[in-house]
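Please look over the sequence and the structure before reading on.

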Amino acid sequence: QVQLVESGGGLVQAGGSLRLSCAASTSIFSIYTIAWHRQAPGKQRELVAAIASGGITNYADSVKGRFTISRDNAKNTVYLQMNSLKPEDTAVYYCAALLGPRTYWGQGTQVTVSS
């Protein structure tokens, strides 16, 4: 079992920034791929960004150039730096840890961007 806890969400104005954190319980955190997903009301959950154990990253087209995913293996934590936020970024953001056939999910954190 892997426990994931997201934090850092909140209410910001358009153009502002937030940094989300995902803290993991596993002692083998460094070998997991970690991903951020989001889900807005009435919409499907979508992949936002992912970072593999070796540091390779992927981003959704909608956030490229604005969001940055990073990891600190010494702290068992992954970050999502979100800049130039837009109202359409409003969603619940979830982190997920992937290893082989298993995926573990956090509880989510609300991000609201006002216009």
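## The hairpin of β9 and β10

Strands β9 and β10 form a hairpin with 2 residues between the strands, and Gly100 takes a positive phi near 60° in this hairpin. The model is a predicted one. Strand β10 covers residues 102–105, and its pairing with β9 is antiparallel, with 4 bridges. Within this pairing, Leu98 has Thr103 in β10 as its bridge partner.

## Other partners of β9

Strand β9 spans residues 91–99 and is joined by 7 bridges to strand β4, residues 33–39; the two run antiparallel. Across from Trp36 stands Cys95, a residue of β9.

A further pairing links β9 to strand β11, residues 109–114, in the antiparallel sense over 3 bridges. Here the bridge partner of Tyr93 is Thr109 in β11. Strands of a sheet can pair in a parallel or an antiparallel way, and backbone hydrogen bonds make the pairing.

## The open sheet

An open sheet is formed by 4 strands, and their order is β1-β3-β8-β7, with antiparallel pairing. At the edges are β1 (4–7) and β7 (67–72), each of which pairs on one side only. From one strand to the next, the twist averages 15°.

Inside this order, strand β3 (residues 18–24) and strand β8 (residues 77–82) run antiparallel and are joined by 6 bridges. Arg19 stands opposite Gln81, which belongs to β8.

## Charges and rings

Two arginines are placed over aromatic rings. The charged end of Arg45 sits over the ring of Trp105, at 4.9 Å from the ring centre. Arg71 has its charged end over the ring of Phe29, 4.8 Å from the centre of that ring.

How many aromatic pairs does the structure hold? The number of aromatic pairs is 0.

## The largest pocket

The largest pocket contains about 150 Å³ of space. Its lining is made up of 13 residues, and those nearest the centre of the pocket are Arg38, Ala40, Lys43, Glu46 and Glu88.

Which classes of residue make up the lining of the largest pocket? By class, 7 of the lining residues are charged, 4 are polar and 2 are nonpolar.

Conventions:
Residues are numbered from 1 along each chain as its sequence is written. This is a predicted model: local features need pLDDT of at least 70, side-chain atom pairs count only at pLDDT 80 or more; totals for chains, interfaces and linings use all residues. Side-chain values use heavy atoms; hydrogens and water are left out. On a 1 Å grid over the protein atoms alone, a cavity is a set of points where a 1.4 Å probe fits but cannot get out, and a pocket is an open set with protein on both sides within 12 Å along at least five of seven lines; lining residues have an atom within 4 Å of a point. Grid points are joined across faces, edges and corners, and a volume is the space filled by probe spheres set on the points. Ala, Val, Leu, Ile, Met, Phe, Trp, Tyr, Cys and Pro count as nonpolar, Asp, Glu, Lys and Arg as charged, and the others, Gly among them, as polar. Rings of Phe, Tyr and Trp (its six-membered ring) pair if their centres lie within 6.5 Å; planes under 30 degrees apart count as stacked, over 60 as edge-to-face and the rest as tilted. A charge sits over a ring if NZ of Lys or CZ of Arg is within 6 Å of the ring centre and within 35 degrees of the ring normal. Two strands pair if DSSP finds at least two bridges between them. Axes are lines fitted to C-alpha atoms, for helices over the stretch in contact, and angles run from 0 to 180 degrees between N-to-C directions.
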